[in-house]
Amino acid sequence: MTDSDTLFAAPLARISDFAFDHEVVRVFPDMIKRSVPGYPTIIETIGLIAGQYAKPDSVIYDLGCSLGAATQSMRRHVRASGCQILAIDNSAPMIERCEEYLQAQNSMVEELTPADVIQADITQLALQSCSVVVLNFTLQFVAPALRLALLKRIYDALLPGGLLILSEKLAFADTHTQLTMEAMHHVFKRANGYSELEIAQKRSAIEKVMLPDTLETHRDRLTSAGFDHSHIWFQSLNFCSMMAYK
Ligand code: GEK
């Protein structure tokens, strides 16, 4: 059981920029499920996809792992021998809690793919040769000027036949589509119990730290990084997940 997200429920005199601190970590599983349409399906399917693409004796990265939901799913589904999952996040409280969750998973499930948790900035990290890389709603928090360089390093580190799974909130160049999707996301959050005040305050906190791109920008950037083939495999409202192939 984790706490329910009430971080923005009371009126705040001053709204600070959103940060992945202790308070957020405490409510994170509830927050992400109630805020990201399709999150549980994406997590479960990432495990299945990784199970298909993981090569024996290779590394699998979960970049911006938070509490390790995608890592836990991959540990259950990857059956290739000798694989190691490296779950990376730059938030110390996330990493600490992620470690505890993976220990708990170890004690409940047998025959899991081994996973190590590392605190690091993914824009600085030297990547080892790998077969699968997951960026599940992480790239949108990386400074836009650093996104292409990160994707290039991922492309270079991937083995031939390797796969990047990239999930992101989308922006839309067409104003009508943008407004419709924003309104529907609002409806989704209202249906999950968030009040108008919570939604408005969370938006103010996050608007400077989470910067979504359009699908066209993602496609162009993936191509520039070397990924000649990429496509969406899941979309719910303005949240999607892509596969990009080496
Ligand atoms: C999930 N993937 O549940 N280096 C390392 N980590 C970073 C960086 C960086 N430069 N920037 C941001 N992060 C997860 C959900 S959450 C998405 C990912 C969300 C980390 C940050 O600390 C946070 O834990 C994560 O990326 C983004 O499948 O909260 O909407």
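1. In this predicted model, D3, E23 and R26 are joined in a network of salt bridges. Side chains of opposite charge can pair when their charged atoms come close. The structure holds 8 salt bridges, and three further pairs are described below.

2. D213 and R147 form a salt bridge in which the closest N and O atoms are 2.8 Å apart. D213 belongs to strand β6 (residues 213-214) and R147 to helix α5 (residues 144-157), so this pair ties together parts that are 66 residues apart in sequence. D213 counts as buried because its relative accessibility is 13%, which is under 20%. R147 also counts as buried, at 0% relative accessibility.

3. A salt bridge also brings together the side chains of R76 and E44 (3.2 Å, N to O). R76 lies in helix α3 (residues 69-77) and E44 in helix α2 (residues 39-53); the pair therefore ties together parts that are 32 residues apart in sequence. R76 is partly exposed, with a relative accessible area of 36%, and E44 is partly exposed as well, at 34%.

4. The side chains of E196 and R190 meet in a salt bridge (3.1 Å, N to O). E196 has a relative accessible area of 44% and is partly exposed; R190, at 40%, also counts as partly exposed.

5. The last point concerns helix packing. Helix α1 (residues 22-35) packs against helix α6 (residues 175-191) at an angle of about 135 degrees, with the axes 8 Å apart. The two helices are therefore oblique to each other. In this contact, K33, R34 and S35 of α1 meet H185, F188 and K189 of α6. The contact residues divide into 1 nonpolar, 2 polar and 3 charged.

Note on methods:
Residues are numbered from 1 along each chain as its sequence is written. This is a predicted model: local features need pLDDT of at least 70, side-chain atom pairs count only at pLDDT 80 or more; totals for chains, interfaces and linings use all residues. Side-chain values use heavy atoms; hydrogens and water are left out. Axes are lines fitted to C-alpha atoms, for helices over the stretch in contact, and angles run from 0 to 180 degrees between N-to-C directions. Helices (H or I, at least four residues) and strands (E, at least two) are DSSP runs, numbered from the N terminus. Angles under 35 degrees count as roughly parallel, over 145 as roughly antiparallel, 65 to 115 as roughly perpendicular and the rest as oblique. Contact means heavy atoms within 4.5 Å. Ala, Val, Leu, Ile, Met, Phe, Trp, Tyr, Cys and Pro count as nonpolar, Asp, Glu, Lys and Arg as charged, and the others, Gly among them, as polar. A salt bridge is a side-chain nitrogen of Lys or Arg within 4 Å of a carboxyl oxygen of Asp or Glu. Buried means under 20% relative accessible area, exposed over 50%, partly exposed in between (1.4 Å probe, protein chains only).
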